[in-house]
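Me: I would like to go through some labels used for this model and ask what stands behind each. Please set the values against the definitions.

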Amino acid sequence: MGLLRNRQLIRALTAAGTLLLLAGAAFVGKAWYDSRLPGTYNVMDYGAADYGGGSGAGHDHSQGGTSVRDLGGPVGAPDARFTLTAKKAEIRLDSGKTVDALTFNGRVPGPEIRVKQHDLVEVTLANDDIDDGVAIHWHGVDVTNREDGVAGVTQDAVLPGERYTYRFRADQLGTFWYHSHQNSATQVARGLYGVFVIEPQDRSAAVDISVPVHTFGGKRVFGTSDGLARRPVAAGRQVRLRLVNTDDVPRDLFLRGVRFRVLAVDGVDLKEPELIEAAKLPLGAGGRYDLGFTMPSSAVSLGDLGTKAGIVFGPPAATETPPVAPTAEFDPGSYGRAGSWTQYGPTATFDRHFTIEIGRKLGFLNGKPGYHWSLNGKLFPDVPMLMVRKGELVKITFVNHSGALHPMHLHGHHVLVVSRNGEAVKTPWWVDILDVGANERYDVAFRASNTGIWMLHCHNLPHAAAGLVTHLTYSGVVTPFRVGGHAHNHPE
């Protein structure tokens, strides 16, 4: 009798275990199935609408509305016209090393584009032979939405043999850059980028030099130099260096041999910048610093800590100063003088306040199992979509629990950094991209003044390709473009 009971118990436990396994398999199978994206999709069909504590009225995007096609640049004769041709090419670095690259006009970096403030700019993109297609994003330039250059959101990718024209008014001043936003994690790394500068109508007499920093095959490159380049500058000249980090990770730069000022961050001038020296300049992915100094009779060295690459400026016979380890680290939150930003201060009343918590989560990303990046505990595409109306005062709190640094970039806007780790910063500063380190918390604020559908993503581009991306969407705006499959649009 006891043996019979034991057998029955074993059968019952086996059946229960089988049922649990089947239930678990069904749960995992459903999670896998639900995570898969269709062959093509509209970004507006996914994501959970987040109204940031404001009203959701008037945010129905299902019945049509203003198309991003209708949010284009101005008409009329352009003041500045350029053509950029995307094509494969073998490039040679200053050391003689060759790189199998993707280029604009056969060059890496692409041609430096300089225009005057308020110019009507027209750039025609032609794709010679980039099989996956290409698009140009004007990083940091607050263009109208149709000109933003995001394949699948504001345009279709430009396929081989095709052309596309961007038109926008260059109303800002400062240092920006352009890069592909089609398969951007691959195409930018392989060379589809260049510097874009908006100058005053009356150009300064200073020596003005742009220096994009990039990495090819593990070798740091300043412009096209993967070694120590020399650039002649006469003693006594005023110099403006425009530093652009085109990599996916931050770079610890330095300027040695002279006292200098940080004149601007991300294309926005700083107020009353102080002279500093022997300071480490941590420049985040996609970020820009403008440095200003008077050229001494001795050499001035620009470099990246931990590498031998860099540029030496000075008269032909100038001697370099001995290496000096940085004694401080530049922090824009405690540099210069604060502007009058009371509308964004502690007593400000915000129309919407969003919180973006960056983390990691076990699950499926488009059918792929893994420990993926998450936003507010959700995996792409079920991430929060930030909904705003034009004219509203908006606050975003970034909280990073992921254990990794993330340079968060909002297209079409600059944001004012107002607090860090719960404390107000001494000198709030404007950025279009912000390094949010592990276990850090930042509050940023801005006026919603540029209607459209705008990407908000990590500019460590492989992170974005792995799902660390969402959108800021204005009331009533829709896009006819689709991502994936036969649409040939793959923005990340």
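Me: Where is His118 placed, and why is His118 called partly exposed?

Reply: His118 is in the loop between β5 and β6 (120–127); helices (H or I, at least four residues) and strands (E, at least two) are DSSP runs, numbered from the N terminus. Its relative accessibility is 42%. Buried means under 20% relative accessible area, exposed over 50%, and partly exposed in between, with a 1.4 Å probe and protein chains only. His118 therefore counts as partly exposed. Phi of His118 is near 75 degrees, a positive value in a residue other than glycine. The model is predicted: local features need pLDDT of at least 70, side-chain atom pairs count only at pLDDT 80 or more, and totals for chains, interfaces and linings use all residues. Residues are numbered from 1 along each chain as its sequence is written, and side-chain values use heavy atoms, with hydrogens and water left out.

Me: What makes Asn366 partly exposed?

Reply: Asn366 has 40% relative accessibility, so Asn366 counts as partly exposed. Asn366 is in the loop between β23 (352–365) and β24, and has a positive phi of about 50 degrees although it is not a glycine.

Me: Why is Thr397 called buried, and which side chain does Thr397 contact?

Reply: Thr397 has a relative accessible area of 0%, and is therefore buried. Thr397 belongs to strand β26 (residues 393–400). A polar contact of 2.5 Å joins its side chain to that of Asp443. A polar contact is a pair of N or O atoms within 3.5 Å; within protein, one must be able to donate a hydrogen and the other to accept it, and residues adjacent in sequence count only if both atoms are side-chain atoms.

Me: What is the strand order of the open sheet, and which strands are its edges?

Reply: The order of the six strands is β1-β25-β33-β32-β27-β30, with mixed pairing. The edge strands are β1 (48–50) and β30 (433–436), as each pairs on one side only.

Me: What lines the largest pocket?

Reply: The largest pocket has a volume of about 560 Å³. On a 1 Å grid over the protein atoms alone, a pocket is an open set of points where a 1.4 Å probe fits, with protein on both sides within 12 Å along at least five of seven lines; lining residues have an atom within 4 Å of a point. Grid points are joined across faces, edges and corners, and a volume is the space filled by probe spheres set on the points. Of the 24 lining residues, the closest to the centre are Leu37, Tyr41, Asn366, Phe380 and Ala465.

Me: What is the peptide bond between Phe380 and Pro381?

Reply: That bond is cis, with omega about 10 degrees. Pro381 is in the loop between β24 and β25 (384–388).

Terms used:
Pairing = 2+ DSSP bridges.
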